[in-house]
Amino acid sequence: MRQIIQVFGKVISPVAKRFDYALKHPQATQRKLQEEIFQHLNHSEYGKSLGINTIADWQQIPIVEYRDIETWILKQQATKKPLLTNEPILFYEKTSGSRGAAKLIPYTKSLRRSFNQMFCVWAYDLIVHGPKFSIGKIYFCISPQLGDKTDAKKQEGGSGGVGEIPQSSCSGLEDDSQYLDSWLRWFLSPFLVSFPQLNRLRNPKEFKHELSKALLVAENLEIISIWSPTFLRVILDYIQTNCRQLALELGDRISPKRRQILLESPSLLNTELPWMQIWPELKLISCWDSANAADGAGFLRSLFPTVLVQGKGLLATEAPMTIPLIAAQGCVPILDQVFFEFEDEKGKIYHLHELEKGKVYEMMISQKGGLYRYRIGDRVCVTHFYMHTPCLEFLGRNQEISDLVGEKLHSDFVRDVLNRLPLKETFFKSLVPAKQPKEHYILLLDRTTLHPQEIATQLDAALQQSPQYRHARLLGQLTSVRVLVHSRIHEIMTLHKTRSGKKWGDLKHEILSTTPIDQELLVELEKLI
């Protein structure tokens with residue numbers, strides 16, 4: 001089986017070599033790509049409406065967010081004509097917007113090829129520099145459509161089974177393997193851990209139960225690719241809690257040794273299952289490991305000490321942006337597929353080759369599906385350079401988004417939710433993320449006539465209007481909202497911020513905090529209740 005990997009490495013090596021060349025020549029690569037993307041724009045209805053005829057006028061192209069071009073996308077979908085690009089639209093992928101509303105991202109053949117190249121470069125780097133894989137089973141996280149039929153389908157991310165892409169679909173991907181070209185899906189299909197109906201299950205417990213069985217049957221599991229590390233933790237917790245039942249259901253579908261471990265584990269009080277014995281062939285876990293996901297990734301490293309837990313690059317429904325390379329010891333931008341622009345805190349715009357080590361920037365992208373100068377909302381820091389190209393570390397979303405496990409709550413959405421709650425007599429209200437004892441949100445209020453639990457129930461239901469928050473709640477990545485009410489909450493929050501070095505006159509209490517609450521502050525607040 002090792003020979004199959006070596007053959008695959010040779011097949012994709014030209015893609016990797018071209019990418020290496022691009023990394024050595026970032027300015028020329030980006031300039032050539034910019035010209036290609038400008039041609040897509042220039043020959044589109046959107047481009048003609050801007051009245052921009054030469055690439056020298058690139059700076060006149062407006063910097064946009066999704067809401068700025070939503071009308072164009074909806075009209076494009078309704079007319080079935082490509083208005084933002086001159087290339088036919090294959091399908092629209094539905095993803096939760098940072099402000100709560102769903103976004104429809106158009107996919108062209110060129111954009112899908114960008115994802116395909118990203119995968120090939122990543123795979124080649126792992127084959128050459130990573131663990132010695134022998135082609136066991138691979139689990140690319142299937143994206144369940146939990147809840148009812150109106151829930152967003154793709155929330156957790158990752159790949160699952162293989163199938164054809166429906167044309168002109170509103171939510172075009174059955175699973176994320178379909179980001180790849182058909183030949184890659186065909187090659188990977190025999191090695192994927194799959195359960196035929198898994199991505200159609202809508203009951204969270206049923207989904208976790210069936211996924212747990214599928215993973216336990218895969219005794220030669222080598223690769224786990226997920227997004228949030230808490231997703232895997234949720235599944236491991238389910239196996240731990242239901243190990244005896246799972247063992248009895250699986251019977252002789254698993255080895256006697258594995259069955260014995262599962263049957264004996266109930267006697268191991270407060271002790272983790274020996275996960276390395278459950279999956280002795282496991283070599284790679286790919287997941288987020290930066291910003292709010294750092295602790296979760298660290299926990300997985302403690303559970304699987306001999307496994308490479310590799311942080312993912314920046315990958316959004318809109319485009320692949322960075323990719324982790326072992327050889328680079330960091331994440332490099334996918335500079336031959338996405339044209340990057342970077343904005344510093346003063347609003348000055350830079351190109352990729354102009355970035356400085358240690359500086360923080362917000363990213364804007366232009367890609368091959370019809371998004372131009374699109375503010376993606378991610379902040380990055382230049383850690384070092386590899387082959388003359390800056391390596392980028394993800395620091396988090398922009399200052400108005402809270403994202404513990406992938407829920408991406410936006411302050412505008414939270415403000416609307418809180419305004420609809422019966423809190424007219426409340427003067428201070430702030431929703432803050434918390435990571436202990438498990439990730440959740442806490443609403444801080446100075447006063448209310450309602451019982452805190454009643455508010456918490458209404459708030460949690462309202463927040464689940466955001467598909468990504470709902471998905472995280474249904475899977476158990478987030479526990480339910482808590483509400484703390486006390487007249488001194490505002491005072492305690494103010495004192496804490498001034499003790500942290502902030503000037504009294506500069507204090508601003510956000511409707512949504514974007515950083516998890518300090519544990520000492522939380523203890524202090526809980527003592528008031």
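At what angle do helix 1 and helix 5 pack, and how far apart are their axes? I looked this up before anything else.

**Ground rules.** I'm working with a predicted model, so I kept in mind that local features need pLDDT of at least 70 and side-chain atom pairs count only at pLDDT 80 or more, while totals for chains, interfaces and linings use all residues. Residues are numbered from 1 along each chain as its sequence is written, and side-chain values use heavy atoms, with hydrogens and water left out.

**Helix 1 and helix 5.** I found that helix 1 (residues 2–24) packs against helix 5 (residues 109–129) at about 120°, with the axes 8 Å apart. That angle makes helix 1 oblique to helix 5. Axes are lines fitted to C-alpha atoms, for helices over the stretch in contact, and the angles run from 0 to 180 degrees between N-to-C directions. Helices (H or I, at least four residues) and strands (E, at least two) are DSSP runs, numbered from the N terminus.

I noted the crossing of helix 1 and helix 5 as left-handed, meaning the near helix is turned anticlockwise from the far one by less than a right angle (clockwise would be right-handed). On the helix 1 side, the contact (heavy atoms within 4.5 Å) includes Ile5, Phe8, Ile12 and Phe19. Helix 5 brings residues including Phe119, Ala123, Tyr124 and Ile127. By class I get 12 nonpolar, three polar and one charged residues in this contact. Here Ala, Val, Leu, Ile, Met, Phe, Trp, Tyr, Cys and Pro count as nonpolar, Asp, Glu, Lys and Arg as charged, and the others, Gly among them, as polar.

**Helix 7 and its partners.** Next I checked helix 7 (residues 204–217) against helix 8 (residues 229–241): about 85°, axes 10 Å apart. That makes helix 7 roughly perpendicular to helix 8. Among the contact residues are Phe207, Leu211 and Leu215 of helix 7, and Phe231, Val234 and Tyr238 of helix 8. I sorted this contact into nine nonpolar, two polar and two charged residues.

Helix 7 also meets helix 9 (residues 243–250), where the axes come within 11 Å and cross at roughly 65°. This crossing is right-handed. Here I saw His209, Ser212 and Leu216 of helix 7 among the contact residues, with Leu246 and Glu249 among those of helix 9.

Which residues does a cis peptide bond join? I found glutamine 436 and proline 437, with omega about -5°. Proline 437 sits in the loop between strand 16 (429–434) and strand 17 (440–445).

Then I turned to histidine 388, which has a positive phi of about 75° although it is not a glycine. I placed histidine 388 in the loop between strand 12 (374–386) and strand 13 (389–397).

How values were computed: Parallel < 35°, antiparallel > 145°, perpendicular 65-115°, else oblique.
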